[in-house]
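Colleague: I would like to go through this model by question and answer. Please end each answer on the value or name I ask for.

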Amino acid sequence: SLFLNVHTSTFIKIVSCLGSICEKKRVRKVIQENNIKVIIHAAALKHVPLVEENISIAVENNIFGTKSLIEESINNKVENFILVSTDKAVRPTNVMGATKRISEIVVQEHSKNNLTTKSAIVRFGNVLGSSGSVIPLFEKQIRNGGPVTVTHKDMTRYFMAIPEAAQLVLLAGTFADQGRVFLLDMGKPIKIETMARQMIELSGLTIKDKSNEKGDIEIIYSGKRPGEK
């Protein structure tokens, strides 16, 4: 397929390559055959409760997959390597955050004294509308008449939009050095419950609770899942 770069009016060829980042030979072949100059590494197992139950697979993919990718990037003189990390890597309290933090260290260690491949690490939180985002779930629950499920009354998260996240990842890549970590300004954390209430009200519906038993949509608290904070 072809992608039009509107800024230069040139077409960019898009090639789909199946494989695992853990397979070094496959990674090497893709880099060499396509003359890759920039790698944005976003391949990771990120579902917090699922990773808690599959630790060995998460370690293999998130840590050793990253090791494979950064080594082949350096060996094949890729110009820029950007690791997409997470705010959960800061003082991690779950397996997913811990594996991403170790992935960051792997990139930093391999980038020391390396002059061929400039690397950067970008941390940010939840991206609105992305796979696993709570927004599509709430929309579906509201369309179905509820209830809307919130894990905990005090649960908060940082949010940003997909275009903003993509732009900031690319911008960080331009400042890539020897494994420098970039923390994106995601504003203030938002209560998940507040977001659920606003989405219900913006849909023209009312919240069903003790003060309004005739309301349209009820909010229920399902409790924190394994690994969540």
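Modeller: A disulfide here is a pair of cysteine sulfur atoms within 2.5 Å. Bear in mind that this is a predicted model.

Colleague: How many disulfides does the structure hold?

Modeller: The test is a pair of cysteine sulfur atoms within 2.5 Å. By that test, the number of disulfides in the structure is zero.

Colleague: Is Cys 17 buried or exposed, or in between?

Modeller: Buried means under 20% relative accessible area and exposed means over 50%. Cys 17 has a relative accessibility of 39%, so its class is partly exposed.

Colleague: What is the class of Cys 22?

Modeller: The limits are again 20% and 50%. With a relative accessible area of 28%, Cys 22 is therefore partly exposed.

Colleague: How are helices α1 and α3 oriented to each other?

Modeller: Helix α1 covers residues 24–34 and helix α3 residues 55–75, and their axes come within 10 Å. The axes cross at roughly 40°. Because angles under 35 degrees count as roughly parallel and 65 to 115 as roughly perpendicular, this one falls among the rest. The relation of α1 to α3 is therefore oblique.

Colleague: What is the handedness of the crossing of α1 and α3, and which residues of α1 make the contact?

Modeller: The crossing of α1 and α3 is right-handed. On the α3 side, the contact is made by Ser 68, Leu 69, Glu 71, Glu 72 and Ser 73. On the α1 side, the residues are Lys 24, Val 27, Arg 28 and Ile 31.

Colleague: How many charged residues are in the contact of α1 with α3?

Modeller: The contact of α1 with α3 has three nonpolar and two polar residues. Its number of charged residues is four.

Colleague: How are α3 and α4 oriented to each other?

Modeller: Helix α4 spans residues 95–111, and its axis lies 9 Å from that of α3. The angle is about 20°, and angles under 35 degrees count as roughly parallel. The crossing of α3 and α4 is right-handed. As for orientation, α3 and α4 are therefore roughly parallel.

Colleague: How many nonpolar residues are in the contact of α3 with α4?

Modeller: Residues in this contact include Ile 63 and Ile 70 of α3 and Val 106 of α4. Five are polar and three charged, while the number of nonpolar residues is ten.

Colleague: Is Ser 103 buried or exposed?

Modeller: Ser 103 lies in helix α4. Leaving out residues up to four places away in sequence, Ser 103 touches Asn 62, Ile 63, Thr 66 and Leu 83. Its relative accessible area is 0%, so Ser 103 is buried.

Note on methods: Residues are numbered from 1 along each chain as its sequence is written. This is a predicted model: local features need pLDDT of at least 70, side-chain atom pairs count only at pLDDT 80 or more; totals for chains, interfaces and linings use all residues. Side-chain values use heavy atoms; hydrogens and water are left out. Axes are lines fitted to C-alpha atoms, for helices over the stretch in contact, and angles run from 0 to 180 degrees between N-to-C directions. Helices (H or I, at least four residues) and strands (E, at least two) are DSSP runs, numbered from the N terminus. Angles under 35 degrees count as roughly parallel, over 145 as roughly antiparallel, 65 to 115 as roughly perpendicular and the rest as oblique. A crossing is left-handed if the near helix is turned anticlockwise from the far one by less than a right angle, and right-handed if clockwise. Contact means heavy atoms within 4.5 Å. Ala, Val, Leu, Ile, Met, Phe, Trp, Tyr, Cys and Pro count as nonpolar, Asp, Glu, Lys and Arg as charged, and the others, Gly among them, as polar. Buried means under 20% relative accessible area, exposed over 50%, partly exposed in between (1.4 Å probe, protein chains only).
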